[in-house]
Amino acid sequence: MKNWKFSTKSIHIGNEPDKETGAVSAPIHLSSTFAQDEVGEDRGFDYSRAINPTRQKLEENLAALESGKTSAAFASGMAATTAVFQLLNSGDKVLMSRNVYGGTYRLVETLLKKQDLSFNYLDMRSLDKVKEAISDDVKMVFIESPTNPMLELADIKAISEICIRHNCLLVVDNTFMSPYGQRPIELGAHVVVHSTTKFIGGHSDVVGGIVISNDLILMDRIKHIQKTAGAVPGPFDCWLLLRSSKTLSLRAAKQFDNALIIAKWLDSKTDLKNVIYPGLTDHPQYRLASEQQLNPDGEPVYGSIILIDLETIQRRDKFLSLLNVFTLAESLGGVESLASNPFHMTHGSVPEKDKIEMGLTETIIRLSIGIEDSSDLINDLDNALK
Ligand SMILES: *Cc1c(COP(=O)(O)O)cnc(C)c1O
(Lines give C-alpha, C1' and ligand atoms only; values in the text may rest on other atoms or scores of the structure.)
Protein backbone atom coordinates (compact mmCIF):
# COMPACT_ATOMS: atom_id res chain seq x y z
CA MET A 1 0.00 0.00 0.00
CA LYS A 2 2.86 2.39 0.87
CA ASN A 3 4.20 2.19 -2.67
CA TRP A 4 0.98 3.09 -4.38
CA LYS A 5 1.05 6.19 -6.52
CA PHE A 6 -1.34 9.12 -6.25
CA SER A 7 -4.33 7.99 -8.32
CA THR A 8 -4.33 4.50 -6.85
CA LYS A 9 -4.21 5.96 -3.34
CA SER A 10 -6.99 8.42 -4.14
CA ILE A 11 -9.28 5.58 -5.19
CA HIS A 12 -8.36 2.87 -2.68
CA ILE A 13 -7.23 4.41 0.62
CA GLY A 14 -10.24 4.73 2.90
CA ASN A 15 -12.27 2.93 0.24
CA GLU A 16 -11.71 -0.72 1.04
CA PRO A 17 -14.90 -2.76 0.33
CA ASP A 18 -17.15 -2.78 3.41
CA LYS A 19 -16.30 -5.80 5.60
CA GLU A 20 -19.90 -6.66 6.39
CA THR A 21 -21.65 -6.24 3.03
CA GLY A 22 -18.89 -5.95 0.44
CA ALA A 23 -20.21 -2.52 -0.62
CA VAL A 24 -17.59 -1.01 -2.94
CA SER A 25 -18.72 2.55 -2.24
CA ALA A 26 -18.11 3.46 1.41
CA PRO A 27 -21.23 3.40 3.60
CA ILE A 28 -22.45 6.73 4.99
CA HIS A 29 -22.67 6.36 8.76
CA LEU A 30 -25.25 8.93 9.75
CA SER A 31 -25.46 7.71 13.33
CA SER A 32 -24.65 10.37 15.93
CA THR A 33 -24.03 7.80 18.66
CA PHE A 34 -22.76 4.21 18.85
CA ALA A 35 -23.80 1.26 21.01
CA GLN A 36 -21.26 0.30 23.66
CA ASP A 37 -20.83 -3.33 24.73
CA GLU A 38 -20.18 -2.42 28.36
CA VAL A 39 -19.46 0.77 30.26
CA GLY A 40 -16.20 2.07 28.82
CA GLU A 41 -16.14 -0.65 26.10
CA ASP A 42 -16.95 0.81 22.70
CA ARG A 43 -15.96 -0.55 19.28
CA GLY A 44 -13.75 2.40 18.42
CA PHE A 45 -16.65 4.81 17.99
CA ASP A 46 -18.69 6.55 20.66
CA TYR A 47 -20.11 9.88 19.46
CA SER A 48 -19.88 11.43 16.00
CA ARG A 49 -18.48 14.80 17.02
CA ALA A 50 -15.43 12.98 18.32
CA ILE A 51 -15.15 10.25 15.69
CA ASN A 52 -17.28 9.01 12.81
CA PRO A 53 -16.52 6.09 10.48
CA THR A 54 -17.25 7.97 7.23
CA ARG A 55 -15.22 10.97 8.36
CA GLN A 56 -12.38 8.67 9.38
CA LYS A 57 -12.24 7.20 5.86
CA LEU A 58 -12.02 10.68 4.34
CA GLU A 59 -9.27 11.63 6.80
CA GLU A 60 -7.22 8.55 5.86
CA ASN A 61 -7.67 9.22 2.16
CA LEU A 62 -6.66 12.90 2.20
CA ALA A 63 -3.72 12.37 4.58
CA ALA A 64 -2.30 9.83 2.10
CA LEU A 65 -2.68 12.23 -0.85
CA GLU A 66 -0.74 15.00 0.94
CA SER A 67 2.02 12.60 2.12
CA GLY A 68 0.86 13.17 5.70
CA LYS A 69 0.37 10.60 8.42
CA THR A 70 -3.03 11.73 9.60
CA SER A 71 -5.60 14.47 9.15
CA ALA A 72 -8.67 16.08 10.71
CA ALA A 73 -11.71 17.09 8.67
CA PHE A 74 -13.69 20.26 9.40
CA ALA A 75 -17.01 21.77 8.37
CA SER A 76 -15.30 24.38 6.15
CA GLY A 77 -11.90 25.60 5.09
CA MET A 78 -12.26 28.47 7.56
CA ALA A 79 -13.01 26.04 10.42
CA ALA A 80 -9.83 24.14 9.48
CA THR A 81 -7.79 27.36 9.43
CA THR A 82 -9.31 28.47 12.75
CA ALA A 83 -8.29 25.14 14.33
CA VAL A 84 -4.70 25.69 13.19
CA PHE A 85 -4.60 29.16 14.78
CA GLN A 86 -6.01 27.67 18.00
CA LEU A 87 -2.64 25.94 18.40
CA LEU A 88 -1.23 29.35 19.40
CA ASN A 89 -1.01 30.91 22.87
CA SER A 90 -1.72 34.56 23.69
CA GLY A 91 1.29 36.74 22.95
CA ASP A 92 2.47 34.59 20.02
CA LYS A 93 3.45 36.20 16.74
CA VAL A 94 2.58 34.97 13.25
CA LEU A 95 4.02 35.84 9.85
CA MET A 96 1.43 35.65 7.06
CA SER A 97 1.49 35.86 3.27
CA ARG A 98 0.36 39.39 2.42
CA ASN A 99 -2.44 38.42 0.04
CA VAL A 100 -4.10 35.50 1.72
CA TYR A 101 -7.67 34.43 1.04
CA GLY A 102 -10.04 37.24 2.10
CA GLY A 103 -11.79 35.04 4.69
CA THR A 104 -8.45 34.25 6.36
CA TYR A 105 -7.72 37.98 6.51
CA ARG A 106 -11.16 38.59 8.09
CA LEU A 107 -10.53 35.81 10.63
CA VAL A 108 -7.24 37.41 11.66
CA GLU A 109 -8.45 41.00 11.72
CA THR A 110 -11.85 40.62 13.37
CA LEU A 111 -11.43 37.59 15.65
CA LEU A 112 -7.84 36.52 16.29
CA LYS A 113 -6.42 39.97 16.94
CA LYS A 114 -8.79 40.24 19.93
CA GLN A 115 -6.99 37.27 21.47
CA ASP A 116 -3.63 38.95 21.92
CA LEU A 117 -2.03 37.31 18.90
CA SER A 118 -0.04 39.49 16.54
CA PHE A 119 0.18 39.14 12.79
CA ASN A 120 2.71 40.54 10.37
CA TYR A 121 1.74 40.40 6.67
CA LEU A 122 4.75 39.89 4.43
CA ASP A 123 5.56 39.66 0.77
CA MET A 124 6.66 36.02 1.00
CA ARG A 125 8.22 36.14 -2.46
CA SER A 126 11.22 37.63 -0.70
CA LEU A 127 13.21 35.29 1.55
CA ASP A 128 15.10 38.31 2.88
CA LYS A 129 11.85 39.78 4.20
CA VAL A 130 11.06 36.49 5.94
CA LYS A 131 14.54 36.30 7.48
CA GLU A 132 14.28 39.91 8.64
CA ALA A 133 10.84 39.47 10.21
CA ILE A 134 11.37 36.15 11.96
CA SER A 135 12.34 36.04 15.63
CA ASP A 136 12.04 33.58 18.47
CA ASP A 137 8.56 34.84 19.44
CA VAL A 138 7.27 34.05 15.96
CA LYS A 139 5.53 30.72 16.53
CA MET A 140 3.94 30.23 13.13
CA VAL A 141 4.53 31.15 9.50
CA PHE A 142 1.29 30.84 7.52
CA ILE A 143 1.62 30.89 3.74
CA GLU A 144 -0.43 30.44 0.64
CA SER A 145 1.44 29.62 -2.55
CA PRO A 146 0.36 30.75 -5.03
CA THR A 147 -1.55 33.45 -3.16
CA ASN A 148 -5.16 34.32 -3.66
CA PRO A 149 -5.69 36.29 -5.77
CA MET A 150 -2.40 37.77 -7.03
CA LEU A 151 -0.63 34.43 -7.69
CA GLU A 152 2.56 35.28 -5.81
CA LEU A 153 4.65 32.23 -4.93
CA ALA A 154 6.59 31.50 -1.75
CA ASP A 155 9.57 29.15 -1.77
CA ILE A 156 8.15 26.54 0.63
CA LYS A 157 11.38 24.56 1.04
CA ALA A 158 13.54 27.61 1.76
CA ILE A 159 10.97 29.04 4.21
CA SER A 160 10.73 25.66 5.96
CA GLU A 161 14.50 25.77 6.57
CA ILE A 162 14.17 29.24 8.13
CA CYS A 163 11.29 27.97 10.31
CA ILE A 164 13.29 24.99 11.52
CA ARG A 165 16.11 27.30 12.67
CA HIS A 166 13.60 29.36 14.69
CA ASN A 167 11.59 26.44 16.03
CA CYS A 168 8.42 27.75 14.45
CA LEU A 169 5.59 25.96 12.64
CA LEU A 170 5.20 26.30 8.89
CA VAL A 171 1.57 26.05 7.78
CA VAL A 172 0.67 26.02 4.08
CA ASP A 173 -2.82 26.63 2.75
CA ASN A 174 -2.56 24.40 -0.32
CA THR A 175 -6.10 25.00 -1.60
CA PHE A 176 -4.96 26.66 -4.84
CA MET A 177 -2.84 23.75 -6.08
CA SER A 178 -4.55 20.71 -4.48
CA PRO A 179 -2.40 17.76 -3.44
CA TYR A 180 -2.26 16.78 -7.11
CA GLY A 181 -0.30 19.92 -7.96
CA GLN A 182 1.88 20.51 -4.87
CA ARG A 183 2.65 18.55 -1.72
CA PRO A 184 4.06 20.99 0.87
CA ILE A 185 4.78 18.32 3.53
CA GLU A 186 7.30 16.80 1.10
CA LEU A 187 8.90 20.28 0.95
CA GLY A 188 9.20 20.62 4.73
CA ALA A 189 5.87 22.17 5.82
CA HIS A 190 4.58 20.96 9.20
CA VAL A 191 0.90 21.44 8.48
CA VAL A 192 -1.21 21.67 5.33
CA VAL A 193 -4.74 23.07 5.27
CA HIS A 194 -7.25 22.93 2.45
CA SER A 195 -10.62 24.30 1.73
CA THR A 196 -11.95 20.97 0.42
CA THR A 197 -14.78 23.06 -1.05
CA LYS A 198 -12.46 23.78 -3.98
CA PHE A 199 -10.42 21.16 -5.92
CA ILE A 200 -10.98 18.22 -3.60
CA GLY A 201 -14.77 18.58 -3.71
CA GLY A 202 -14.46 19.78 -7.28
CA HIS A 203 -18.18 19.93 -8.16
CA SER A 204 -19.29 23.08 -6.29
CA ASP A 205 -21.68 21.07 -4.12
CA VAL A 206 -19.99 20.75 -0.72
CA VAL A 207 -18.23 23.03 1.79
CA GLY A 208 -15.43 21.53 3.88
CA GLY A 209 -11.88 21.77 5.20
CA ILE A 210 -9.00 19.54 6.23
CA VAL A 211 -5.82 19.84 8.34
CA ILE A 212 -3.04 17.36 7.51
CA SER A 213 0.35 16.71 9.11
CA ASN A 214 3.07 14.17 9.69
CA ASP A 215 3.49 15.21 13.29
CA LEU A 216 1.25 12.94 15.35
CA ILE A 217 1.65 14.93 18.57
CA LEU A 218 0.60 18.12 16.83
CA MET A 219 -2.30 16.28 15.19
CA ASP A 220 -3.47 15.05 18.61
CA ARG A 221 -3.81 18.72 19.54
CA ILE A 222 -5.69 19.43 16.28
CA LYS A 223 -8.00 16.45 16.89
CA HIS A 224 -8.61 17.73 20.41
CA ILE A 225 -9.64 21.09 18.91
CA GLN A 226 -11.80 19.29 16.32
CA LYS A 227 -13.77 17.41 18.94
CA THR A 228 -13.80 20.17 21.55
CA ALA A 229 -14.69 23.17 19.38
CA GLY A 230 -16.85 20.84 17.29
CA ALA A 231 -16.72 22.36 13.79
CA VAL A 232 -17.04 18.90 12.22
CA PRO A 233 -18.44 18.02 8.79
CA GLY A 234 -21.50 15.79 8.52
CA PRO A 235 -21.10 12.20 7.29
CA PHE A 236 -22.81 12.89 3.97
CA ASP A 237 -20.40 15.75 3.21
CA CYS A 238 -17.48 13.47 4.11
CA TRP A 239 -18.81 10.85 1.71
CA LEU A 240 -19.18 13.42 -1.09
CA LEU A 241 -15.55 14.43 -0.61
CA LEU A 242 -14.35 10.81 -0.46
CA ARG A 243 -16.15 10.17 -3.72
CA SER A 244 -14.76 13.35 -5.32
CA SER A 245 -11.20 12.55 -4.29
CA LYS A 246 -11.28 9.50 -6.58
CA THR A 247 -11.34 11.74 -9.66
CA LEU A 248 -9.08 14.52 -8.34
CA SER A 249 -6.12 13.57 -10.52
CA LEU A 250 -8.20 13.46 -13.72
CA ARG A 251 -9.99 16.71 -12.96
CA ALA A 252 -6.94 18.66 -11.81
CA ALA A 253 -4.83 17.47 -14.76
CA LYS A 254 -7.50 18.59 -17.23
CA GLN A 255 -8.03 21.90 -15.42
CA PHE A 256 -4.30 22.66 -15.35
CA ASP A 257 -3.90 21.70 -19.05
CA ASN A 258 -6.87 23.86 -20.02
CA ALA A 259 -5.57 26.79 -17.96
CA LEU A 260 -2.15 26.70 -19.62
CA ILE A 261 -3.71 26.64 -23.10
CA ILE A 262 -6.06 29.51 -22.23
CA ALA A 263 -3.39 31.62 -20.49
CA LYS A 264 -1.12 31.34 -23.54
CA TRP A 265 -4.00 32.28 -25.80
CA LEU A 266 -4.94 35.28 -23.64
CA ASP A 267 -1.31 36.39 -23.52
CA SER A 268 -0.58 36.25 -27.24
CA LYS A 269 -3.90 36.55 -29.08
CA THR A 270 -5.71 39.31 -27.22
CA ASP A 271 -5.08 42.99 -26.52
CA LEU A 272 -4.89 42.46 -22.74
CA LYS A 273 -2.01 44.29 -21.12
CA ASN A 274 -1.76 42.08 -18.08
CA VAL A 275 -2.31 38.30 -17.99
CA ILE A 276 -1.01 36.70 -14.79
CA TYR A 277 -0.45 32.93 -14.71
CA PRO A 278 2.56 31.17 -13.15
CA GLY A 279 2.88 28.93 -16.23
CA LEU A 280 3.66 31.85 -18.56
CA THR A 281 7.42 32.26 -18.98
CA ASP A 282 7.06 36.00 -18.27
CA HIS A 283 5.60 35.36 -14.79
CA PRO A 284 8.37 36.62 -12.46
CA GLN A 285 8.33 33.33 -10.55
CA TYR A 286 7.98 30.94 -13.47
CA ARG A 287 11.16 29.11 -12.42
CA LEU A 288 10.07 28.57 -8.84
CA ALA A 289 6.64 27.44 -10.06
CA SER A 290 8.31 24.92 -12.39
CA GLU A 291 10.40 23.50 -9.54
CA GLN A 292 7.89 23.53 -6.70
CA GLN A 293 4.53 22.80 -8.31
CA LEU A 294 4.88 19.24 -9.51
CA ASN A 295 2.19 16.71 -10.27
CA PRO A 296 2.63 13.22 -8.77
CA ASP A 297 4.67 12.21 -11.86
CA GLY A 298 7.12 15.05 -11.17
CA GLU A 299 5.99 17.24 -14.07
CA PRO A 300 5.53 21.01 -13.51
CA VAL A 301 1.92 22.23 -13.28
CA TYR A 302 0.70 25.77 -12.82
CA GLY A 303 -2.82 25.65 -11.40
CA SER A 304 -6.17 26.62 -12.87
CA ILE A 305 -6.39 30.29 -11.89
CA ILE A 306 -5.65 33.07 -14.36
CA LEU A 307 -5.87 36.81 -13.68
CA ILE A 308 -6.62 39.35 -16.38
CA ASP A 309 -6.90 43.10 -16.08
CA LEU A 310 -9.66 44.70 -18.14
CA GLU A 311 -8.46 48.21 -17.28
CA THR A 312 -11.85 49.96 -17.16
CA ILE A 313 -14.96 49.20 -15.13
CA GLN A 314 -17.05 49.55 -18.30
CA ARG A 315 -15.06 46.86 -20.07
CA ARG A 316 -15.08 44.65 -16.98
CA ASP A 317 -18.87 44.74 -16.69
CA LYS A 318 -19.42 44.30 -20.43
CA PHE A 319 -17.05 41.30 -20.41
CA LEU A 320 -18.81 39.66 -17.47
CA SER A 321 -22.24 40.19 -19.01
CA LEU A 322 -21.21 38.59 -22.32
CA LEU A 323 -19.78 35.37 -20.87
CA ASN A 324 -21.88 32.27 -21.59
CA VAL A 325 -19.82 29.27 -20.52
CA PHE A 326 -18.09 30.99 -17.58
CA THR A 327 -20.36 31.80 -14.63
CA LEU A 328 -19.89 34.91 -12.49
CA ALA A 329 -19.37 33.37 -9.04
CA GLU A 330 -16.92 33.09 -6.15
CA SER A 331 -14.96 29.87 -5.54
CA LEU A 332 -12.55 27.89 -7.70
CA GLY A 333 -11.26 24.43 -8.44
CA GLY A 334 -14.57 23.01 -9.68
CA VAL A 335 -15.36 21.26 -12.96
CA GLU A 336 -17.20 24.37 -14.19
CA SER A 337 -15.33 27.52 -15.22
CA LEU A 338 -16.02 30.61 -13.13
CA ALA A 339 -15.15 34.29 -13.39
CA SER A 340 -15.03 36.62 -10.40
CA ASN A 341 -13.99 40.10 -9.39
CA PRO A 342 -11.82 39.55 -6.30
CA PHE A 343 -11.76 43.26 -5.39
CA HIS A 344 -15.50 43.30 -4.65
CA MET A 345 -16.18 39.60 -4.10
CA THR A 346 -13.71 37.27 -2.31
CA HIS A 347 -11.57 40.17 -1.06
CA GLY A 348 -14.38 42.60 -0.21
CA SER A 349 -13.31 42.72 3.44
CA VAL A 350 -9.68 43.70 2.71
CA PRO A 351 -9.10 47.50 3.02
CA GLU A 352 -8.86 49.25 -0.33
CA LYS A 353 -5.39 50.63 0.41
CA ASP A 354 -4.01 47.12 1.05
CA LYS A 355 -5.61 45.82 -2.13
CA ILE A 356 -4.09 48.58 -4.23
CA GLU A 357 -0.69 48.01 -2.62
CA MET A 358 -0.71 44.36 -3.69
CA GLY A 359 -1.85 45.29 -7.22
CA LEU A 360 -5.45 44.17 -6.81
CA THR A 361 -7.52 46.74 -8.67
CA GLU A 362 -11.26 46.88 -9.34
CA THR A 363 -10.75 45.85 -12.95
CA ILE A 364 -8.97 42.56 -12.29
CA ILE A 365 -10.93 39.41 -13.15
CA ARG A 366 -10.02 36.03 -11.73
CA LEU A 367 -10.79 33.08 -13.98
CA SER A 368 -11.07 29.60 -12.50
CA ILE A 369 -10.73 27.15 -15.35
CA GLY A 370 -12.85 24.00 -15.33
CA ILE A 371 -12.84 20.81 -17.38
CA GLU A 372 -14.94 21.99 -20.32
CA ASP A 373 -13.41 21.84 -23.82
CA SER A 374 -10.71 24.50 -24.00
CA SER A 375 -11.90 25.63 -27.45
CA ASP A 376 -15.35 26.44 -26.06
CA LEU A 377 -13.79 28.38 -23.19
CA ILE A 378 -11.55 30.30 -25.60
CA ASN A 379 -14.51 31.13 -27.88
CA ASP A 380 -16.46 32.35 -24.86
CA LEU A 381 -13.60 34.61 -23.73
CA ASP A 382 -12.95 35.79 -27.30
CA ASN A 383 -16.56 36.81 -27.74
CA ALA A 384 -16.71 38.62 -24.38
CA LEU A 385 -13.42 40.45 -24.97
CA LYS A 386 -14.46 41.75 -28.39
C1 LIG B 1 -12.03 29.14 -0.12
C2 LIG B 1 -10.74 29.25 0.55
C3 LIG B 1 -10.64 29.16 1.95
C4 LIG B 1 -11.87 29.03 2.84
O5 LIG B 1 -12.54 27.85 2.67
P6 LIG B 1 -14.12 27.65 2.92
O7 LIG B 1 -14.32 26.22 2.61
O8 LIG B 1 -14.82 28.59 2.00
O9 LIG B 1 -14.38 27.98 4.35
C10 LIG B 1 -9.39 29.22 2.52
N11 LIG B 1 -8.28 29.38 1.76
C12 LIG B 1 -8.34 29.48 0.42
C13 LIG B 1 -7.07 29.66 -0.36
C14 LIG B 1 -9.55 29.43 -0.23
O15 LIG B 1 -9.60 29.56 -1.56
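Helices and strands here are DSSP runs, numbered from the N terminus. The model is a predicted one.

**Exercise 1. Locate N167 and decide whether it is buried or exposed.**

Step 1. N167 sits in the loop between helix 6 and strand 5 (169-173).
Step 2. Look at the backbone. N167 is not a glycine, yet its phi is positive, about 55°.
Step 3. Apply the cut-off. Exposed means over 50% relative accessible area. N167 has 71%, so it is exposed.

**Exercise 2. Describe helix 2 (residues 53-65): its span, its cover and its two ends.**

Step 1. Check the span. Helix 2 has 13 residues and reaches 19 Å from first C-alpha to last. That is close to the 18 Å expected at 1.5 Å a residue.
Step 2. Check the cover. Eleven of the 13 residues are buried, and helix 2 is mostly covered. Among the buried ones are P53, L58, L62 and L65. R55, K57 and E59 are buried too.
Step 3. Inspect the start. A side-chain oxygen of N52 comes to within 2.8 Å of the backbone nitrogen of T54.
Step 4. Inspect what follows. S67 comes after helix 2, and its phi is positive, near 60°.

**Exercise 3. Work out why strand 12 (residues 364-368) is described as largely enclosed, and which strands pair with it.**

Step 1. Count the buried residues. Five of the five are buried, so strand 12 is largely enclosed by the rest of the structure.
Step 2. Sort the side chains. I364, R366 and S368 point one way, I365 and L367 the other, and all are buried.
Step 3. Take strand 9 (residues 305-309). It pairs with strand 12 in the antiparallel sense over five bridges. Within strand 12, S368 is the bridge partner of I305.
Step 4. Take strand 11 (residues 338-340). It pairs with strand 12 over three bridges, in the antiparallel sense. S340 stands opposite R366.

**Exercise 4. Describe the shell around the ligand: how many residues surround it, and how do they divide?**

Step 1. Count. The ligand is surrounded by 13 residues, and the closest are G77, D173, S195, T197 and K198.
Step 2. Divide them. Three are nonpolar, seven polar and three charged.
Step 3. D173 places a polar side-chain atom 2.7 Å from a ligand nitrogen. An N or O atom in the side chain of S195 is 2.8 Å from a ligand oxygen. K198 has a polar side-chain atom 2.8 Å from an oxygen atom of the ligand.
Step 4. Finish with the cover. On its own the ligand has 380 Å² of accessible area, and the protein covers 92% of that.

Terms used:
Residues numbered from 1 in each chain as written. Predicted model: local features only at pLDDT ≥ 70, side-chain atom pairs only at ≥ 80, totals over all residues. Heavy atoms only, no water. Helix = DSSP H or I, 4+ residues; strand = E, 2+ residues; numbered from the N terminus. Expected span 1.5 Å × (residues − 1). Buried < 20%, exposed > 50% of the residue type's maximum accessible area, 1.4 Å probe, protein only. Polar contact = N/O pair within 3.5 Å; in protein donor to acceptor, adjacent residues only side chain to side chain. Near = heavy atom within 4 Å. Areas by Shrake-Rupley, 256 points an atom, 1.4 Å probe, with all protein chains shown as cover. Nonpolar A, V, L, I, M, F, W, Y, C, P; charged D, E, K, R; others polar. Pairing = 2+ DSSP bridges.
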